[in-house]
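Q: Can we go through this one together? I'd like to start with the ligand.

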Amino acid sequence: MSDSMQVGRSDFDRVMVPNYAPVDMIPVRGEGSRLWDQQGRDYIDLAGGIAVNALGHAHPALIEALTEQAGKLWHVSNVLTNEPALRLACKLVEATFADKVFFANSGAEANEAAFKLARRWAHETTGPEKHEIIACTNSFHGRTLFTVSVGGQPKYSQGFGPALAGISHVPYNDIAALEQQISPRTCAVVVEPVQGEGGVIPAAPGYLEAVRALCDKHGALLIFDEVQSGMGRTGKLFAYMHSAVQPDILTSAKSLGGGFPISAMLTTDRLASHFGVGTHGSTYGGNPLGCAVAERVLDIVNTPAVLAGVERRHQLLAEGLLAIAEDLPVFASVRGRGLLMGAVLSEPWKGQARQVQEAAQQEGLLVLQAGPDVMRLAPSLIIPEADIQEALVRLRRALERLVK
Ligand SMILES: *Cc1c(COP(=O)(O)O)cnc(C)c1O
C-alpha cells in the first residue's frame with residue numbers, strides 16, 4: 001500500500017472501531033502551535049493533543065532527539081537496559097521527591113503500576129485486608145479495567161463487569177468525606193492535583209496537605225496522578241510542587257513525551273523494593289526512542305524560562321477569556337492552573353461544550369471540552385503570545401456566531 005493512497009474522514013466510519021467521534025477535518029502537518037489540514041487550512045492548537053504536545057508540533061530539538069536515537073537503537077526489551085532510560089530516570093529522580101522510576105507507555109499503564117504497587121506493598125507489609133483504594137468522584141485515571149474502576153466516572157466502567165472490588169469514591173476537595181471513608185484497610189488514596197477530564201478543577205488550598213495527613217494517620221499511601229497536570233503544565237514541573245506535600249507515588253505521561261508515547265511511575269526506595277524481579281513489567285516500557293525524546297522534553301521544560309512563561313501565558317489567556325465572558329453570555333467563569341485551563345459554560349449554555357468546540361474549529365481554532373459544561377485549553381507550554389492573541393480573536397468570532 002503506497003502513501004499516495006487517498007483517505008478521508010468517511011474512511012474512519014468505514015474501517016475504525018467507532019469508540020471515537022473525530023471532527024471532520026484531518027490534520028496532516030503541524031509546526032509550533034499551528035496545524036494544517038488536508039485542504040491546507042490552518043488551525044491554532046489550544047488543545048495540544050490533550051495536554052500532550054508540551055512543546056508544540058515538530059519542535060526541532062525533539063525531532064533531533066528522536067531521529068538521532070532512531071539511527072542508533074530503537075528497542076532492546078527489558079532483558080537489557082539502555083542509556084536513554086537511565087539518563088531520563090536519573091533526571092526525574094533528581095528533579096522530584098522520587099528515588100526510583102518505572103517506565104511504561106501510557107497514563108493508564110503508569111497508574112496500573114501505581115495501584116498494583118500500592119496493593120503489593122500493603123499485602124506484604126500488613127496483609128490482604130489492607131487493599132482498599134479511595135479515589136475521587138469525577139476523577140479520571142485511564143481506560144484499563146483497573147483504572148476505569150478507580151476512576152470516578154461510572155460511565156467508563158459500566159458494562160465491563162464484574163467490577164473490581166475494594167475501590168470507593170469521595171467528592172474531590174471534600175476532606176470530611178475522605179475522613180469518613182479512610183480506615184486502616186485503606187492501602188492508597190489517589191488524587192489528581194488538578195482534576196483534568198473532570199472539569200479542570202484545581203485542588204483547594206490545604207486539600208492536598210489534609211489528604212496527606214489522613215493518609216499518614218491511617219498508614220495509607222498517597223498517589224498523585226499527574227498524567228495531565230505534570231511536566232510543567234501548571235507552571236511547576238509537577239503540580240504537587242505548588243504545595244508543601246510529597247506523594248509516595250506519582251504518575252506522569254501525556255506531556256512527558258511531548259507527543260511520543262511514554263509514561264513513568266515515580267516512587268520511593270521503600271516502596272520500590274516491593275516490585276521485585278518479575279512482579280511487574282512492560283515490553284515497550286522504557287524503550288530508547290521514548291526515553292530519548294522525554295529526556296529532551298524534561299531538559300527544556302524544567303527551566304525557569306519555560307516554567308515562568310507558562311504563568312505569563314496563563315495570565316494572557318485568562319484575561320482574554322474574561323474579556324470575552326464580559327461581552328458574550330457563554331462563559332460564567334475561568335479556572336485552572338498554568339496552561340491547563342477551563343472556561344465554565346454559563347447556565348443557558350450548559351451541556352454545549354461540544355458545540356463550542358465545533359464552532360471554534362470552524363473558525364480555525366482547536367479547543368477541548370472537559371465534560372459537557374467546560375471548554376478546556378491545554379496548549380503548548382511555549383505557544384507564541386501572538387498565537388494566543390489570534391486564538392482569542394478566533395474564539396470570539398466563533399462564539400459570536402454561536403450566540404446569533
Ligand atoms: C489522560 C489521563 C490518563 C490516561 O492516560 P492514557 O495515556 O490515555 O492512558 C490518566 N490520568 C489522567 C489524570 C489523565 O488525564
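A: A definition before that: a polar contact is a pair of N or O atoms within 3.5 Å. Keep in mind that this is a predicted model.

Q: Fine. How far is the ligand oxygen from the side chain of K254?
A: An oxygen atom of the ligand lies 2.6 Å from an N or O atom in the K254 side chain. For Q228, a ligand oxygen is 2.7 Å from a side-chain N or O atom. A ligand nitrogen is 3.2 Å from a polar backbone atom of F140.

Q: How much of the ligand's accessible area does the protein cover?
A: On its own the ligand has 380 Å² of accessible area, and the protein covers 82% of that.

Q: Which helix gives the largest share of the shell?
A: Helix α5, residues 107-125, with three residues. The residues around the ligand include S106, H141, E192 and D225.

Q: Switching to α8. Which residues are buried there?
A: Y207, L208, V211, R212, L214 and C215. They sit on the same side of α8, because they cover an arc of only 165 degrees around the axis.

Q: What do they pack against?
A: The buried residues of α8 pack against β5, α7, β7 and β10.

Q: And what follows α8?
A: G219, which has a positive phi, near 65 degrees.

Q: Last one: N53, buried or exposed?
A: Buried, because its relative accessibility is 13% and the cut-off is under 20%. N53 is in the loop between α2 and α3. Leaving out residues up to four places away in sequence, N53 touches G48, G258, G259 and S380.

Technical notes: Residues are numbered from 1 along each chain as its sequence is written. This is a predicted model: local features need pLDDT of at least 70, side-chain atom pairs count only at pLDDT 80 or more; totals for chains, interfaces and linings use all residues. Side-chain values use heavy atoms; hydrogens and water are left out. Buried means under 20% relative accessible area, exposed over 50%, partly exposed in between (1.4 Å probe, protein chains only). Helices (H or I, at least four residues) and strands (E, at least two) are DSSP runs, numbered from the N terminus. The arc is that of the directions from the helix axis to the C-beta atoms. Contact means heavy atoms within 4.5 Å. A residue is near a molecule or strand if one of its heavy atoms lies within 4 Å of it. A polar contact is a pair of N or O atoms within 3.5 Å; within protein, one must be able to donate a hydrogen and the other to accept it, and residues adjacent in sequence count only if both atoms are side-chain atoms. Accessible areas come from the Shrake-Rupley method with a 1.4 Å probe; for residues, only the protein chains shown count as cover.
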